[in-house]
Amino acid sequence: MPTPTYSLDDAIVALATPLAESALAVIRTSGPGSIELVASAFSRFSALKAASGNTLVHGFILAADGGLIDEVVLGVYRAPHGYTGEDSIEVFCHGSIPGVGRVIERLLEVGFRRAKPGEFTLRAFANGRMDLTRAEAVSEVIAAHTEESRMLALRRLSGALADRVGELKSGILAALAAVEVQLDYAEDDAAEDIELDIAGLGSIERSLRALASTAGRARLFRDGARVAIAGRTNAGKSSLFNLLLREDRSIVSDVHGTTRDYIEEWLDVAGVPVSLFDTAGLREPGDRVEAAGIERSGRVIGSAAVVLYLVDATGGLDDGDRDFLASHCDYTAKTGVAAGPVVIPIWNKVDREVPASPPGFIPVSVKKGEGVDHLLSVLGSVLLEGSAGGSSADGVTVASERQQALLERAADSLASAIASHRAGEPLDLVAPDLRDAVDALGEMTGEVSTADMLEEIFSRFCVGK
Ligand SMILES: Nc1nc2c(ncn2[C@@H]2O[C@H](COP(=O)(O)OP(=O)(O)O)[C@@H](O)[C@H]2O)c(=O)[nH]1
Ligand SMILES: [Mg+2]
C-alpha cells in the first residue's frame with residue numbers, strides 16, 4: 001500500500017457516508033478557505049459567507065453554468081471549533097449515487113482535493129482537538145462489531161485512557177524532575193544523591209503493565225474469534241448453526257453430506273464478535289467435490305479458536321469422533337496448554353432415546369433448543385478465558401498494538417531505572433531510563449510524534465473520517 005503523504009494547509013473533501021442509495025449522504029470538507037470555496041458553488045453564497053459557526057444554511061449546489069446540482073443543507077463550522085478545528089462544511093445532500101458524485105466533482109472543481117484516509121481526524125489531532133489515544137479510538141468506535149467492543153472504544157474516545165496515561169506520566173515526571181535538579185547542582189555541590197521513591201515508581205510500573213495486559217481482552221472484543229462447528233455428517237451441525245444465527249442460513253437435511261463447503265456468518269457471543277463456521281461433515285467423502293469441501297473445512301477447524309464438536313447421540317461415539325477428540329483434547333489434558341482450537345464436545349439429539357452423555361460433553365437438543373443457552377455460556381467463558389490478560393476494573397483498556405508496545409516500553413524503562421537506582425548507580429545513569437518512560441507515554445498520546453508514525457496510524461482509517 002502506498003504511504004499517503006499528508007499536507008495540513010489545503011482544503012479537502014470526502015464522502016463520510018457509504019456510497020449507496022439512501023435518504024441522505026454527508027460530504028465533509030475541511031481546511032483553510034473551505035467556507036468560501038463551497039460558497040463559490042452555492043446558491044446563497046452571501047448567506048453562507050456570513051454564517052456563524054455551528055449553524056445550518058439551506059440552498060443549492062450549483063454547476064459552473066448556474067445549473068442545479070442538488071438541494072442541500074450545509075453544516076458550518078469555524079476554526080478553532082468543529083471536529084477538525086478548521087473552517088469546515090458538512091454537506092447534507094440527497095443520498096443518490098450519481099448526485100453525490102456530481103456534488104463531489106463540483107467541489108473538486110472549485111478547489112478542494114480528495115481527502116486521504118483518516119485525514120480529517122489527523123487534522124483534529126494536529127489542531128489539538130484530540131490526543132492520539134482518542135484519535136485511534138475514533139476508528140475503533142466505527143469498526144466495533146458488538147456493543148461491548150464499541151463501549152470499550154468509546155471509553156477511550158472519551159479520554160479515559162489519555163487521563164490514566166497522563167496520571168502515570170506525571171508520577172514519573174516528578175521523579176525525573178527531582179533527578180534533573182540534583183544533576184544540575186551536582187557539579188558545584190558534592191551533596192549525596194537523592195533517594196528516588198522506589199515504591200512509588202514500582203507501583204506506576206505495575207499500573208503500566210496492568211494497563212498493557214488489557215490488550216488481549218480488548219483485542220478479542222475488537223477483532224473477534226473464529227468458532228467452527230464440526231462433527232460427522234448428520235450430527236446436527238447445520239441445525240445448530242441456524243439456531244445460533246436465528247435464521248435458516250445452512251441447509252438442514254437427513255441426507256448425509258449435504259453441507260459440502262464451509263459457511264461463515266457472524267454472531268455476538270457475550271460481546272465477542274464471533275465468526276461462526278458451519279463445516280462439511282467429516283466422513284469418507286462420496287466424491288471429489290465433497291473431498292475438497294472436507295479439506296477446506298479441515299483448514300477452518302484448524303484455524304479456529306474454538307470448535308463445537310457435535311456428536312449424534314442416537315448413533316453414539318464412533319472411531320472418527322474418538323480420533324478427533326483424542327487428537328485435539330489429549331494434548332491439552334496432558335499439558336494444560338491448548339494446541340490449536342479448544343474443543344467443546346456436544347451430545348446432540350437428547351430429545352430422542354439416547355444413552356447418557358459421556359463426561360465432558362454438553363447434552364443438547366438442537367431441535368428443541370434445549371441446552372443451547374448453557375452451550376453459549378460455556379462458549380462465552382472459553383473465549384474470555386482464552387484471551388490472555390485481564391480486564392480493568394474501571395473499563396479503561398488499550399486495544400492498539402502500538403499503545404500496548406509503548407506501555408510495555410515505559411514499564412521496562414521504569415523497571416530498569418529502579419534496578420539501577422537499587423544497585424547504587426549514579427543518577428545520571430538512572431535519568432535516561434526515566435526520560436525514555438516519559439517519552440514512550442508521550443508517544444502514546446501524541447505529544448511526541450513523527451510524520452512516519454502519524455501516517456502509519458491514520459492511513460489505516462477510512463476515507464472521510
Ligand atoms: N431428533 C433430533 N434431530 C435433530 C437434532 N438436530 C438435528 N437433527 C436432525 O438431524 C438431521 C441432520 O441435521 P443437520 O443439521 O443437517 O446435520 P449436519 O449434517 O451435521 O449439518 C436433520 O434431519 C435434523 O433435523 C436434534 O436435536 N434432535
Ligand atoms: Mg450440514
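Modeller: Axes are lines fitted to C-alpha atoms, for helices over the stretch in contact, and angles run from 0 to 180 degrees between N-to-C directions. This is a predicted model, in which local features need pLDDT of at least 70 and side-chain atom pairs pLDDT 80 or more, while totals for chains, interfaces and linings use all residues; side-chain values use heavy atoms, without hydrogens and water. Residues are numbered from 1 along each chain as its sequence is written, with chains lettered from A and ligands numbered from 1 in the order written.

Biologist: Which residue in β12 is the bridge partner of Ile346?

Modeller: Strand β11 spans residues 342–348 and runs parallel to β12, to which three bridges join it. The β12 partner of Ile346 is Ile362.

Biologist: Which residue in β4 is the bridge partner of Ile61?

Modeller: A second open sheet of six strands, also mixed, has the order β3-β4-β5-β2-β1-β6. Its edge strands are β3 (55–62) and β6 (113–114). Eight bridges join β3 to β4 (68–77), and these two run antiparallel. The β4 partner of Ile61 is Asp70.

Biologist: What angle does the direction of helix α3 make with that of β2?

Modeller: Helix α3, residues 97–109, packs on the sheet and touches β1, β2, β3, β4, β5 and β6. Helix α4 (119–126) lies across β1, β2 and β6, at about 135° to β1. For α3 and β2, the angle is about 15°.

Biologist: Is Thr29 buried or exposed?

Modeller: Thr29 is in strand β2, residues 22–30. Beyond neighbours within four places in sequence, its contacts (heavy atoms within 4.5 Å) include Ile12, Val38, Leu107 and Phe120. Buried means under 20% relative accessible area, exposed over 50%, and partly exposed in between, with a 1.4 Å probe and protein chains only. Because its relative accessibility is 0%, Thr29 counts as buried.

How values were computed:
Helices (H or I, at least four residues) and strands (E, at least two) are DSSP runs, numbered from the N terminus. Two strands pair if DSSP finds at least two bridges between them.
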